[in-house]
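Trainee: Could you take me through one part of this protein slowly, and show me how it sits among its neighbours? I would like to follow it residue by residue where that helps.

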Amino acid sequence: MTTIDLAVSGMTCSMCVAHVTEALNGVAGVRAVEVSLKDGTARVQTSAPSADHLIQTLAQAGYPATRTSSGSSRLEPGRGGGCCCKQ
């Protein structure tokens with residue numbers, strides 16, 4: 001099992017967190033997902049997909065993301081344009 005930490009931008013509300021969680025949970029091999037709106041992060045426990053695949057999945061959902069190391073600085077939550085509230 002591998003843990004992948006991602007900085008996710010574009011999340012501004014609990015619905016954004018739900019969308020990011022749903023997108024990541026839809027990827028084959030993902031075992032657990034923790035998303036923090038406050039920190040602008042997602043932590044994914046996975047047995048198969050690469051960080052690049054997870055980042056691509058989030059980009060398609062409208063939430064730009066980058067891989068981070070645990071404890072690195074977060075992205076600003078309001079940046080990116082993925083929020084459902086902006087539509």
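What follows is a close look at helix 2 and the sheet it packs on.

Trainee: Which strands does helix 2 touch, and which of its residues are buried?

Mentor: Happy to walk you through it. A word on the source: this is a predicted model, in which local features need pLDDT of at least 70 and side-chain atom pairs count only at pLDDT 80 or more, while totals for chains, interfaces and linings use all residues. Residues are numbered from 1 along each chain as its sequence is written, and side-chain values use heavy atoms, with hydrogens and water left out.

The protein chain has two helices and four strands (DSSP runs numbered from the N terminus: helices are H or I of at least four residues, strands are E of at least two). From the N terminus, the elements run β-α-β-β-α-β. The four strands make an open sheet in the order 2-3-1-4, with antiparallel pairing (two strands pair if DSSP finds at least two bridges between them). Strand 2 (30-36) and strand 4 (65-68) are the edge strands, each pairing on one side only. From one strand to the next, the twist averages 25° (axes are lines fitted to C-alpha atoms, for helices over the stretch in contact, and angles run from 0 to 180 degrees between N-to-C directions).

Now for the helix you asked about. Helix 2 covers residues 51-60 and packs on the sheet, touching strand 1, strand 2, strand 3 and strand 4 (contact means heavy atoms within 4.5 Å). The direction of helix 2 makes about 35° with that of strand 1. Its buried residues are Ala51, Leu54, Thr57 and Leu58 (buried means under 20% relative accessible area, exposed over 50%, and partly exposed in between, with a 1.4 Å probe and protein chains only). Looking down the axis of helix 2, these buried residues fall within an arc of 125°, so they line one face of the helix (the arc is that of the directions from the helix axis to the C-beta atoms).

On the face turned away from the buried side, helix 2 carries the exposed residues Asp52 and Gln60. Just after helix 2 comes Gly62, with a positive phi of about 95°.

Strand 1 (residues 2-8) and strand 3 (residues 41-46) pair in the antiparallel sense over six bridges. In this pairing, Asp5 stands opposite Arg43 in strand 3. Asp5 also forms a salt bridge with Arg43, their closest N and O atoms being 2.6 Å apart (a salt bridge is a side-chain nitrogen of Lys or Arg within 4 Å of a carboxyl oxygen of Asp or Glu). The pair links distant parts of the chain, with Asp5 in strand 1 and Arg43 in strand 3, 38 residues apart. By this rule the count is one salt bridge. Asp5 counts as buried at 12% relative accessibility, whereas Arg43 is partly exposed at 32%.

Strand 3 has another partner: six bridges join strand 2 to strand 3, which run antiparallel. Strand 2 and strand 3 form a hairpin with four residues between them, and Gly40 in the turn has a positive phi of about 65°. Ser36 stands opposite Thr41 in strand 3. Within strand 2 you will find Val33, which counts as buried at 18% relative accessibility. Leaving out residues up to four places away in sequence, Val33 touches Thr21, Leu24, Asn25 and Arg43.

Finally, the other helix. Helix 1 (residues 14-25) lies across strand 1, strand 2 and strand 3, running at about 165° to strand 2. Ala18 has its place in helix 1 and is partly exposed, with a relative accessible area of 36%. Cys16 is buried at 0%, and Cys13 is buried at 14%. The structure holds zero disulfides (a disulfide is a pair of cysteine sulfur atoms within 2.5 Å).
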